[in-house]
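Here is a short briefing on helix packing and selected residues. Please look over the sequence and the model before reading on.

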Amino acid sequence: MRRYLELWRIPGAPMLLIGGTLARLGHGVTIVAWLLLVRAVSGNYAEAGFVAGALSLATAVAAPVAGRLVDRFTVSRVLPVIALAYSVSQLALLWVVLSDQRLWVTMTVAVIAGALFPPLSPAIRAGWTHLTRPGGGHESGRTTAMAAESTVFELVFVMGPLLLSGFILATDVVGAEDPSTTGTASAIGVAALTTAVGTVMVARGAALRSVSGTAGGARTVGLGPLRVTGFPTMLAITAAVAFGFGASPVAIAAFAELRSDGQGSATTGLLIAIWSLGSAAGGLTYGALPWPNTPIAGLARRSTVVLGALALGYALWNLTDSIPAFAVILVLTGAVIAPATAILAELVAAAVPAGMLTEAYTWFTCVNMSVAALGAAIAGQMVETSGGVSLAFWICAGAATVAGLGAIALVVSAERSQPAAVDTEVVS
């Protein structure tokens with residue numbers, strides 16, 4: 001754990017690690033809670049997938065705008081306002097869903113709530129990039145920092161579903177008429193509060209305040225980071241991975257409902273938490289290893305191995321109908337998720353100028369959320385059919401395979417451009 005102890009000693013790092021976890025805990029709850037709550041009220045996964053997709057798609061569209069605002073007007077000014085508005089909109093959506101309004105009303109409020117999602121994770125990644133910048137004295141901690149951030153993100157998805165299951169079980173113990181609906185709604189309300197309070201705390205911390213004004217140049221205009229060489233390919237890789245991330249919770253929820261004898265909601269939260277726990281363990285291991293500082297081509301080669309393992313993991317989900325056995329497979333296959341996201345974050349940090357970093361990371365949020373919404377919607381329709389759960393697992397494996405092919409393309413592109421850069425330097 002020596003590398004993590006060194007990371008902890010960087011000024012501002014503890015708030016990014018601990019405060020960032022608390023601030024994003026609500027997202028770990030709501031990503032599953034909305035799916036289960038709408039399913040409980042409406043009676044089908046298709047409508048639940050549409051609402052979850054509306055939330056994600058709205059976040060995707062608004063994320064780059066929020067990222068550019070953060071880069072331009074500083075984290076401490078922008079994030080608290082967005083976070084407070086987001087929490088209010090979450091409570092409004094909760095009322096709309098529980099009162100069983102028409103689908104178009106629910107979708108409209110979901111779009112508003114999703115658009116107000118605070119870009120805290122991109123801001124934190126930009127903070128880590130700044131703290132481990134070349135010449136800053138902590139540049140050797142870049143890989144560990146990105147692995148720690150990915151692990152924190154995964155821990156959110158461990159604790160969030162566990163808290164959700166805890167709320168459901170607690171309402172069952174106290175004798176609520178409908179424990180699943182009551183517990184899920186309560187969890188969403190608490191999540192709205194923790195998101196608002198936690199985001200304000202982290203945004204005003206020393207680490208994110210230090211990001212403000214680090215661009216040192218002209219304001220980003222036009223396409224911004226989309227013009228950076230290799231960045232569109234990184235987004236394409238992210239899109240393929242995100243499709244599986246969007247489809248898999250829906251497929252896991254349907255699997256749990258089929259195999260858990262009426263305890264589908266609580267089992268879903270537990271299974272997703274177990275999956276995320278495996279990812280967190282993989283992320284911690286990745287960050288602790290002595291990886292050398294490598295250029296973009298080296299990072300891309302590393303990602304091909306990890307994404308290949310992710311594709312194999314999805315395929316292995318079809319091996320059993322047993323909940324305990326499935327949980328074991330989830331732990332093993334989840335171990336590559338955090339390393340995959342950490343490597344993608346390292347690729348961005350290596351390719352994108354400092355003045356565009358928050359916006360660049362929000363483009364990843366944009367792609368993640370929009371394609372995940374598509375994956376959730378398709379999986380929602382698919383699992384309602386006979387054999388749809390298994391087919392959803394295979395589609396996730398196929399998407400991860402496509403991501404691996406994109407990583408290979410990035411390796412080829414980076415290796416071709418590297419000699420050209422050397423030749424130019426020799427000529428000059």
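**Helix contacts and selected sites**

Ala13, Leu16, Leu17, Gly20, Ala23 and Arg24 in H2 meet Leu120, Ser121, Ile124, Gly127, Trp128 and Leu131 in H6. By class, this contact of H2 with H6 comprises 8 nonpolar, 3 polar and 1 charged residues. The model is predicted.

**H2 against H6**

- H2 spans residues 13-42 and H6 spans residues 120-131.
- The two helices pack at an angle of about 170°, and their axes lie 11 Å apart.
- An angle over 145 degrees counts as roughly antiparallel, and H2 and H6 are therefore roughly antiparallel to each other.

**H4 against H8**

- H4 packs on helix H8 (residues 179-203) at an angle of about 170°, with the axes 8 Å apart.
- That angle makes H4 roughly antiparallel to H8.
- The contact of H4 with H8 has 15 nonpolar and 7 polar residues, and no charged residues.
- On the H4 side, the contact includes Val75, Ser76, Leu79, Pro80, Gln90 and Leu98.
- On the H8 side, Thr181, Ala185, Ile188, Ala192 and Ala203 are among the residues that take part.

**Gln90 in H4**

- Gln90 belongs to helix H4 (residues 75-98).
- Its relative accessible area is 2%, so Gln90 is buried.
- Beyond four places in sequence, Gln90 touches Thr30, Trp34, Leu55, Ala113, Ile188 and Ala192.
- Gln90 and Val109 are 19 residues apart in sequence, and their C-alpha atoms are 8.6 Å apart in space.

- Asp100 is in the loop between H4 and helix H5 (103-115).
- Most residues other than glycine have a negative phi.
- Asp100 is not a glycine, yet its phi is positive, at about 55°.
- Its relative accessibility is 51%, so Asp100 counts as exposed.

**Thr151 in H7**

- Helix H7 (residues 142-173) holds Thr151.
- Thr151 is buried, with a relative accessible area of 2%.
- A polar atom of the Thr151 side chain lies 2.8 Å from the backbone oxygen of Ala147.
- Leaving out residues up to four places away in sequence, Thr151 touches Ala280, Gly283, Leu284 and Ala338.

**H15**

- Helix H15 covers residues 357-382 and has 26 residues.
- From first C-alpha to last, H15 reaches 37 Å, close to the 38 Å expected at 1.5 Å a residue.
- In H15, 19 of the 26 residues are buried, so the helix is largely enclosed by the rest of the structure.

**Glu415 in H16**

- Glu415 sits in helix H16 (residues 388-427).
- Its relative accessible area of 38% makes Glu415 partly exposed.
- Setting aside neighbours within four places in sequence, Glu415 is in contact with Ala297 and Arg301.
- Glu415 and Ala297 are 118 residues apart along the chain, while their C-alpha atoms are separated by 6.1 Å.

Methods:
Residues numbered from 1 in each chain as written. Predicted model: local features only at pLDDT ≥ 70, side-chain atom pairs only at ≥ 80, totals over all residues. Heavy atoms only, no water. Axes fitted to C-alpha atoms, helices over the stretch in contact; angles between N-to-C directions. Helix = DSSP H or I, 4+ residues; strand = E, 2+ residues; numbered from the N terminus. Parallel < 35°, antiparallel > 145°, perpendicular 65-115°, else oblique. Contact = heavy atoms within 4.5 Å. Nonpolar A, V, L, I, M, F, W, Y, C, P; charged D, E, K, R; others polar. Buried < 20%, exposed > 50% of the residue type's maximum accessible area, 1.4 Å probe, protein only. Polar contact = N/O pair within 3.5 Å; in protein donor to acceptor, adjacent residues only side chain to side chain. Expected span 1.5 Å × (residues − 1).
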